[in-house]
Amino acid sequence: MENFLIFTLNASISSMGEMAGHERRGSLMWPGRSLIVGLMGAALGIRRNGDFSRLDSLRIDVAIFDVGTAMRDFHTIQTIPTPAARKPNSRPEALKQGQGKLNSIISIRDYRTDALYGIAVRGENLPKIAQSLHTPHFTLYLGRKSCPLAAPLGAKIVQADTVEEALSQLTLPVWRNNDRAEVLIEEGGEGEIITDVPFDRKRWHFKTREVGIRAVNIAPGGQV
């Protein structure tokens with residue numbers, strides 16, 4: 001048998017980042033590796049420019065209970081034309097260099113509403129991570145700061161022979177306790193290429209990885 005750290009992720013509104021252009025911020029249909037590692041890092045008190053090496057080696061599988069409903073939001077933002085401000089170090093510096101030469105564009109933000117996922121983590125330091133998820137150092141959210149969690153994570157360590165057996169011991173929110181997971185995103189599997197592995201956290205660069213997507217039937221019995 002193997003030790004698993006399991007917990008749920010549920011939010012009224014969430015955004016699971018993917019490759020984004022300047023005017024569009026899309027959302028995956030499940031939380032990527034960078035989101036989950038970032039969430040555990042926030043719980044542990046690791047800042048964005050901190051050392052995530054103890055989390056980067058963890059194996060993370062995601063069970064999809066409900067992908068929610070797609071929602072799109074629009075923002076009007078100001079940009080500085082490139083000829084007016086070249087390689088600024090900050091937005092205030094760009095505004096100063098631009099000398100009032102501004103453009104306005106419509107940017108797009110994609111979200112998911114009422115999504116529910118089960119997370120299974122394998123690796124080292126699981127007890128410390130589990131404790132931090134119960135008493136997080138920083139506020140936890142599902143993708144963006146505007147996306148607070150809707151329920152406790154119910155983090156706990158269980159022993160199981162398979163990831164499905166581990167996830168069957170999840171504690172779901174009481175209003176979702178009849179939900180079943182029918183899809184598992186499996187680390188180390190084959191089938192889908194996604195770009196969600198942090199490569200350079202200072203520049204927000206990510207690498208690709210391959211995951212397996214397979215059908216499952218997971219019906220946890222717990223509640224919060």
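This is a predicted model: local features need pLDDT of at least 70, side-chain atom pairs count only at pLDDT 80 or more; totals for chains, interfaces and linings use all residues.
Biologist: How many helices and strands are in the chain?

Modeller: Helices (H or I, at least four residues) and strands (E, at least two) are DSSP runs, numbered from the N terminus. The chain has 5 helices and 11 strands.

Biologist: What percentage of the residues count as buried?

Modeller: Buried means under 20% relative accessible area, exposed over 50%, and partly exposed in between (1.4 Å probe, protein chains only). Here 44% of the 224 residues count as buried.

Biologist: What share of the contacts in the chain comes from residues 24 or more positions apart?

Modeller: A contact means heavy atoms within 4.5 Å. Take the contacts with a separation of 6 or more: residues 24 or more positions apart account for 76% of them.

Biologist: Let us go residue by residue. Is Leu35 buried or exposed?

Modeller: Leu35 is buried, because its relative accessible area is 13%. It sits in helix α1, residues 33-44. Setting aside neighbours within four places in sequence, Leu35 is in contact with Leu9, Ser15, Met16, Leu142 and Gly143.

Biologist: Which helix has an axis that comes within 8 Å of the axis of α1?

Modeller: Axes are lines fitted to C-alpha atoms, for helices over the stretch in contact, and angles run from 0 to 180 degrees between N-to-C directions. The partner is helix α4, residues 126-134, and the two axes cross at roughly 80°. That makes α1 roughly perpendicular to α4. The scale is this: under 35 degrees is roughly parallel, over 145 roughly antiparallel, 65 to 115 roughly perpendicular, and the rest oblique. From α1, the contact uses Leu39, Met40, Ala43 and Leu44; from α4, it uses Lys128, Ile129, Ser132 and Leu133.

Biologist: How do the residues of that contact divide by class?

Modeller: Ala, Val, Leu, Ile, Met, Phe, Trp, Tyr, Cys and Pro count as nonpolar, Asp, Glu, Lys and Arg as charged, and the others, Gly among them, as polar. The contact of α1 with α4 has 6 nonpolar, 1 polar and 1 charged residues.

Biologist: Where does Ile46 lie?

Modeller: Ile46 is in the loop between α1 and α2 (53-56). Ile46 is buried, because its relative accessible area is 10%. Not counting residues up to four places away in sequence, Ile46 touches Gly41, Asp51, Phe52, Arg54, Leu55 and Phe138. Its C-alpha is 8.5 Å from that of His137, 91 residues apart along the chain.

Biologist: How many cavities of 30 Å³ or more does a search of the whole structure find?

Modeller: On a 1 Å grid over the protein atoms alone, a cavity is a set of points where a 1.4 Å probe fits but cannot get out; lining residues have an atom within 4 Å of a point. Points are joined across faces, edges and corners, and a volume is the space filled by probe spheres set on the points. The search finds 1. The largest cavity holds about 40 Å³.

Biologist: Which residues line the largest cavity?

Modeller: They are Gly32, Arg33, Ile36, Ile60, Val62, Ile185, Glu186, Glu187, Arg209 and Val211. By class, 5 are nonpolar, 1 is polar and 4 are charged. At least two residues each come from α1, β3 (59-66), β8 (181-187) and β10 (205-218). The largest share, 3 residues, is from β8.

Biologist: Now the strands. Is Ser107 buried or exposed?

Modeller: Ser107 is buried, with a relative accessible area of 0%. It belongs to strand β5. Beyond four places in sequence, Ser107 touches Glu23, Asp73, Phe74, His75 and Ile77. Phe74, in strand β4 (residues 69-79), is exposed at 53% relative accessible area.

Note on methods. Residues are numbered from 1 along each chain as its sequence is written. Side-chain values use heavy atoms; hydrogens and water are left out. On a 1 Å grid over the protein atoms alone, a cavity is a set of points where a 1.4 Å probe fits but cannot get out, and a pocket is an open set with protein on both sides within 12 Å along at least five of seven lines; lining residues have an atom within 4 Å of a point.
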